Amino acid sequence: MKKITSEDIIYAALSLFSEKGYDATSVDEIARKSGMVKASFYKYFQSKEELLLGTIVLIEKLLDADIKELYLKHQLPSREKLRQLYLIALGRIYKNKVHLLVYSVPLIGSKEEKIAQAIDRVEHYLSNVMVDFLIDAYGQSIRDYAHYAHDINFVIKSIIINSLRLSDSELSWTEQQTLAEFMLSITDMLAQGMLSPDVQHQIMWGRDSVFHEDSDQIWTKGKQISYALRRMDTVLKQTKLNEAPRNEYVQILSRLKGELSEENVEIAHVKALLLFLGQLPELLEDCTKLKAILEV
């Protein structure tokens with residue numbers, strides 16, 4: 001009898017995640033699909049969250065191998081390479097809906113931050129490769145206006161995500177091929193339109209855009225702040241407090257969120273709110289992180 005490995009469990013989990021979603025999949029179901037009892041599952045992974053992190057790391061490894069192999073196919077026309085890249089994205093990432101999984105995980109500790117970072121890393125890596133292939137496929141003009149490639153990439157990834165989100169079941173091989181061809185046609189139209197001298201293109205993903213992330217800044221300040229605030233929400237719900245102090249902490253946290261959402265943040269107000277929230281030991285770590293992120 002073949003010995004079960006951690007990768008066997010990950011592949012079983014991927015199948016269930018793509019079929020049912022992360023939240024609706026239980027450890028029991030993953031164990032059964034892997035050919036083991038629930039107790040044996042914990043010999044490999046301490047929790048479903050740890051399994052999820054292992055799943056994303058494996059997808060990252062497989063994606064990297066696929067893309068390196070594609071880069072080595074020098075004989076392929078650049079447009080065909082782009083089509084095959086779309087198929088890799090469909091098969092390795094989006095069919096398992098890993099880009100959505102992080103929003104289902106209660107973000108409380110460092111392990112969950114690692115999950116979010118890992119998903120960001122995969123998405124960012126794929127985005128950079130797509131831009132490289134777009135520049136290769138559409139030549140010097142796109143190369144001179146690299147922000148066009150970022151805009152095309154944004155539209156194509158949106159098509160992929162929505163196609164799979166709206167699908168009731170996993171896309172078949174034929175459907176993936178059809179979708180890849182469709183995305184290639186859309187890419188052609190976008191590239192030709194953007195490069196036409198008669199068309200004024202509104203740039204969204206230029207270097208000065210707040211949406212753009214440099215390669216050394218995958219884990220952006222905005223995301224760090226957002227996850228810290230969500231963790232604080234969760235911690236407050238789980239911490240044993242009397243009703244009056246709980247309501248006070250909830251109100252102060254709400255004021256902090258409001259302050260941080262303003263275009264011109266009042267640093268003095270933020271410092272005062274963090275000082276108050278930091279009095280609760282369970283919130284101190286996140287308050288300290290926010291101070292460091294905001295440099296207050």
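**Exercise 1: Helix packing**

The crossing of H5 and H9 is right-handed (left-handed if the near helix is turned anticlockwise from the far one by less than a right angle, right-handed if clockwise). The model is predicted: local features need pLDDT of at least 70, side-chain atom pairs count only at pLDDT 80 or more, and totals for chains, interfaces and linings use all residues. Residues are numbered from 1 along each chain as its sequence is written, and side-chain values use heavy atoms, with hydrogens and water left out.

Task: Determine how H5 and H9 are oriented to each other.

Step 1. Helix H5 (residues 78-92) and helix H9 (residues 173-195) have axes 9 Å apart and pack at about 130°. Helices are DSSP runs (H or I, at least four residues), numbered from the N terminus. Axes are lines fitted to C-alpha atoms over the stretch in contact, and angles run from 0 to 180 degrees between N-to-C directions.

Step 2. Angles under 35 degrees count as roughly parallel, over 145 as roughly antiparallel, 65 to 115 as roughly perpendicular and the rest as oblique. H5 and H9 are therefore oblique.

**Exercise 2: Aromatic pairing**

Task: Classify the aromatic pair of Tyr71 and Phe133.

Step 1. The whole structure holds 4 aromatic pairs (ring centres of Phe, Tyr and Trp, its six-membered ring, within 6.5 Å; planes under 30 degrees apart are stacked, over 60 edge-to-face, the rest tilted).

Step 2. Tyr71 and Phe133 lie 5.0 Å centre to centre with 70° between the planes, hence edge-to-face.

Step 3. Tyr71 belongs to helix H4 (residues 48-71) and Phe133 to helix H7 (residues 110-144), so the pair ties together parts 62 residues apart in sequence.

Conventions. Helices (H or I, at least four residues) and strands (E, at least two) are DSSP runs, numbered from the N terminus.
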